[in-house]
Amino acid sequence: MPRQPPRVLISGASVAGPTAAYWLSRHGYAVTVVERMPLDRVRTSGHAVDLFGPAVDVADWMGVLPAVTDRRTRTETLSFQRDGGRGVDVQLHDMVAGISGKHVEIMRGELASILYEATRSDVEYVFEDSIQSIREQPDAVAVTFERAPADRFDLVIGADGLHSVVRHAVFGPEDQFRRFLGGYLAFAAIPNYLDLRGRMVVWNAPGRAALIYPVHGTTAARAGFLFRRSEELPLDHRDADGQKRLLRHLYGRDGGEVPRLLAETDAADDFYFDSISQIVMDRWTRGRVTLVGDAGYSPGPAVGGGTSIAMIGAYVLAQELARAGREYQAGLRAYEDHMHDVATRARGIGPSIMSTLIPRTRLQVRLIPELIRLVTRLPPSVQRRVVQMQATPARALESVHLIGPGAE
Ligand SMILES: Cc1cc2nc3c(=O)[nH]c(=O)nc-3n(C[C@H](O)[C@H](O)[C@H](O)COP(=O)(O)OP(=O)(O)OC[C@H]3O[C@@H](n4cnc5c(N)ncnc54)[C@H](O)[C@@H]3O)c2cc1C
């Protein structure tokens with residue numbers, strides 16, 4: 001009798017999950033993906049994310065790069081506004097040219113949607129469900145779900161983000177792995193009431209920033225709030241009203257469009273609030289269970305190229321498992337070894353990105369936009385040298401050398 005294909009369960013259908021699903025199904029695995037959100041929320045929710053260098057290659061090898069490029073954000077200009085002062089415009093294309101030769105910015109929901117479409121015919125997707133428990137047995141992993149019947153799999157992969165349930169079930173509470181980087185961020189889906197086209201507008205004040213950018217091809221925009229905090233806030237993560245109250249308190253006296261952004265955010269249903277934190281784990285595999293993307297090695301939201309690392313990690317995981325055949329443990333170990341260095345480097349950049357993202361002092365509020373603009377006006381070769389002295393996500397990815405699928 002022919003041997004059954006190995007069965008793998010992936011938790012999470014955003015970036016890392018469908019990417020791993022794509023490559024594992026190509027390597028002959030029978031893949032099931034379970035996602036807590038309904039499909040239409042996966043497609044529409046989220047913020048702008050970046051694919052740099054090797055992550056662009058992975059998208060290319062999957063055949064989705066034309067769709068990704070077509071649905072990119074097209075945000076061209078970053079406009080820093082100042083109360084009573086002259087604003088500063090930075091051309092993002094010039095800024096990115098100095099950072100990485102290959103880069104695409106896309107809304108996370110658009111990317112997830114493209115990855116879902118690329119996998120849906122070969123992969124079984126179960127939406128609006130979640131893993132409830134995971135129990136390792138000698139020859140399989142026994143899993144129970146909130147809704148679906150219990151089942152057994154050869155491997156389980158947690159691609160379920162910063163607050164992964166797989167990590168919690170197998171490695172224990174999140175606190176022991178989460179490193180707070182000294183800030184918070186909130187994002188809300190709001191109408192593009194300024195009718196912005198290709199422009200992100202930012203208001204900075206010492207210790208906080210507010211911003212708005214349009215979602216290309218729609219009438220929607222995203223309002224964002226990022227602020228510093230030396231200590232973690234005792235906030236319940238489900239208390240959206242309390243979080244919105246806190247934003248009103250922190251930004252209540254700011255000018256420009258900030259009052260309107262607060263009002264629009266207050267009315268928004270699609271609202272996200274979280275600490276800017278990283279996941280720090282030395283090993284992220286136990287037995288037949290492993291983690292990929294933010295679940296295992298998030299460098300922090302908005303500060304560290306997490307989307308690129310999620311795509312690269314998913315590709316490497318599938319590649320190493322395929323190479324190891326039924327020797328799963330060897331494949332998982334090789335995956336961890338391969339990703340260890342890039343995960344460590346990526347974690348190193350969050351703290352330094354924080355200082356440009358959220359200026360601390362009045363002087364920094366004034367100087368940082370001017371400095372960014374200055375750098376973008378240098379010739380690309382000089383710019384690249386200046387940027388190479390800084391910690392950037394693209395730089396953290398320089399150590400990654402992927403072997404394309406055709407070159408195996
Ligand atoms: C506000 C914000 C701004 C960001 N900006 C950038 C940026 O500019 N550039 C960049 O590269 N990255 C950015 N990031 C980070 C980026 O979003 C992540 O690094 C990337 O999405 C990681 O992909 P992932 O697939 O590992 O996890 P995620 O995208 O977090 O996906 C996890 C998936 O698992 C699902 N899930 C969660 N719990 C369960 C469960 N119990 N059962 C089943 N499914 C579950 C979630 O619904 C989600 O679909 C930002 C993040 C945030 C929050």
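Leaving aside neighbours within four places in sequence, A20 is in contact with I10, I157, A159, V292, A314, L317 and A318; contact here means C-beta atoms, placed from the backbone, within 7 Å of each other. Keep in mind that this is a predicted model: local features need pLDDT of at least 70, side-chain atom pairs count only at pLDDT 80 or more, and totals for chains, interfaces and linings use all residues. Residues are numbered from 1 along each chain as its sequence is written.

A20 also shows up in the largest nonpolar core, which has 116 residues: A20, V156, V292 and A314 touch the most other members. A nonpolar core is a set of buried Ala, Val, Leu, Ile, Met, Phe, Trp, Tyr and Cys residues joined through C-beta atoms within 7 Å. Buried means 20 or more other C-beta atoms within 10 Å of the residue's own, exposed means 12 or fewer, and partly exposed is in between, with C-beta atoms placed from the backbone. Helix α11 (306–324) gives the most to this core, with 10 residues. Helices (H or I, at least four residues) and strands (E, at least two) are DSSP runs numbered from the N terminus.

Now for the sheet. It's an open one of 6 strands in the order β7-β2-β1-β11-β18-β17, with mixed pairing. The edge strands, each pairing on one side only, are β7 (124–127) and β17 (285–286). Two strands pair if DSSP finds at least two bridges between them.

| Strands | Sense | Bridges | A facing pair |
|---|---|---|---|
| β2 and β7 | parallel | 4 bridges | V34 and V126 |
| β1 and β11 | parallel | 4 bridges | I10 and I157 |

What about the ligand? There are 37 residues around it, and G12, S14, G161, G293 and G306 come nearest; a residue counts as near if its C-beta atom, placed from the backbone, lies within 6 Å. The elements giving two or more residues to this shell are α1 (16–26), β2 (30–35), β3 (48–52), β12 (178–191), α10 (294–297) and α11 (306–324). Helix α11 gives the most here, with 4 residues. By type, the shell divides into 18 nonpolar, 13 polar and 6 charged residues. In that count Ala, Val, Leu, Ile, Met, Phe, Trp, Tyr, Cys and Pro are nonpolar, Asp, Glu, Lys and Arg are charged, and the others, Gly among them, are polar.

Elsewhere, helix α9 (residues 258–267) has V258, L261, L262 and T265 as its buried residues. Seen down the axis, they fall within an arc of 100°, so they line one face of the helix; the arc is that of the directions from the helix axis to the C-beta atoms. These residues pack against β12, β13, β14 (208–214), β15 (220–228), α8 (240–251) and β16 (271–279).

Most residues other than glycine have a negative phi. R74, however, has a positive phi near 65° and sits in the loop between α4 (65–70) and β4 (77–81). D195 has a positive phi near 50°, in the loop between β12 and β13 (199–205). R74 counts as partly exposed, with 13 C-beta neighbours inside 10 Å, while D195 is exposed, with 9 other C-beta atoms within 10 Å.

Methods: Two residues are in contact if their C-beta atoms, placed from the backbone, lie within 7 Å.
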